[in-house]
Amino acid sequence: MAKSVIVTGASQGIGACIAKKLAEDGYNVAVNCYPSENDRANAEKVAEECRAFGVEAEVFEADVSKYDQCENMVKAVKEKFGTIDALVNNAGITKDGLLARMSEEQYDTVIAVNQKSVFNMTKHVCAVMMKQKYGAIVNMASVAGLYGNPGQMNYSASKAAIIGMTMTAAKEYGSRNIRVNAVAPGLIKTPMTDVLTDEQKNKIFGQIALKRFGEVSEIASTVSFLLSDGAAYITGQTIEISGGLSM
Ligand code: NAP
């Protein structure tokens, strides 16, 4: 039977690229998206592109900050694919602002979507993986969680927490042959970074050894490796994918 994976927040960006890469690797893919018409339409396109690799792919709507919605989604994926061999906790948001001006709502929302979602998904997926005595998970951290970033008290808190959660889950589930790792991307080429001026980019490149932004495919290839048997003795680790930022 083909292996199956859930990728959260896979309707666009890094998550969509990871979903397609894992389809290419031969996984049946559960393409999670936030429950909205627009996200559903984008996620359906991602699922179609996954199916082009000859695997099964289906869209599963769930707001991953909500415990019950995660529980229901995990049940539905298990019913559809029979197993859940891998999980990529990718969904994430930013609500930036300097601490002096950051509202409680800005803080709580980012923590709920970025951090609590990892609790919600990992708990339910690991219950399935424990019975299988097999599983691999990759969590999406960020360099903001390793080094901090002005204007991102909420985001860096959520991403630093994910690194701790990764090590805790790795220790709790290691004896059940479930591996849990994280990746910490730096600045990745997305619509967000495309709008920067050449002057802004050159300033940032000054701090990056490779003098360029990363590509989404470079995140997806590392996630693919960490989920593969090639990484069978790697767990509890956070791999920075930042072109050598902050060395
Ligand atoms: P993106 O394009 O905004 O994609 C994030 C995805 O998560 C979107 O599809 C989004 O849906 C979804 N999402 C948000 N809240 C959700 C929820 N409650 N339930 C389910 N899905 C939800 O961002 P990205 O740049 O690809 O980022 C992906 C991950 O990488 C995030 O965890 C981010 O923090 C991390 N990261 C990105 C960078 C970077 O440079 N881009 C760097 C470091 C880390 P909506 O569109 O509806 O919000």
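How many nonpolar, polar and charged residues make up the shell around the ligand? The shell has 12 nonpolar, 10 polar and three charged residues, where Ala, Val, Leu, Ile, Met, Phe, Trp, Tyr, Cys and Pro count as nonpolar, Asp, Glu, Lys and Arg as charged, and the others, Gly among them, as polar.

The views show a predicted model, in which local features need pLDDT of at least 70 and side-chain atom pairs count only at pLDDT 80 or more, while totals for chains, interfaces and linings use all residues. Residues are numbered from 1 along each chain as its sequence is written, and side-chain values use heavy atoms, with hydrogens and water left out.

View 1. Among the 25 residues around the ligand, Gln 12, Ile 14, Asp 39, Asn 90 and Tyr 155 come nearest (a residue is near if one of its heavy atoms lies within 4 Å of the molecule). Helices α1 (13-24) and α6 (153-173) each supply at least two residues of the shell; helices are DSSP runs (H or I) of at least four residues, and strands (E) of at least two, numbered from the N terminus.

**View 2. N and O atoms facing the ligand.** A polar backbone atom of Ile 14 is 2.8 Å from an oxygen atom of the ligand, and a backbone N or O atom of Asn 90 lies 2.7 Å from a ligand oxygen. A ligand nitrogen is 2.8 Å from an N or O atom in the side chain of Asp 63. The ligand taken alone exposes 880 Å², of which the protein buries 84% (Shrake-Rupley method, 1.4 Å probe).

**View 3. Salt bridge between Arg 40 and Glu 61.** The closest N and O atoms of this salt bridge are 3.2 Å apart (a side-chain nitrogen of Lys or Arg within 4 Å of a carboxyl oxygen of Asp or Glu). Arg 40 belongs to helix α2 (residues 37-51) and Glu 61 to strand β3 (residues 57-61), 21 residues apart. Arg 40 is partly exposed at 29% relative accessibility, as is Glu 61 at 36% (buried is under 20%, exposed over 50%, partly exposed in between; 1.4 Å probe, protein chains only).

**View 4. Salt bridge between Glu 58 and Lys 80.** The side chains meet at 3.4 Å, N to O. Glu 58 lies in strand β3 and Lys 80 in helix α3 (residues 67-81), so the pair ties together parts 22 residues apart in sequence.

Key. Polar contact = N/O pair within 3.5 Å; in protein donor to acceptor, adjacent residues only side chain to side chain.
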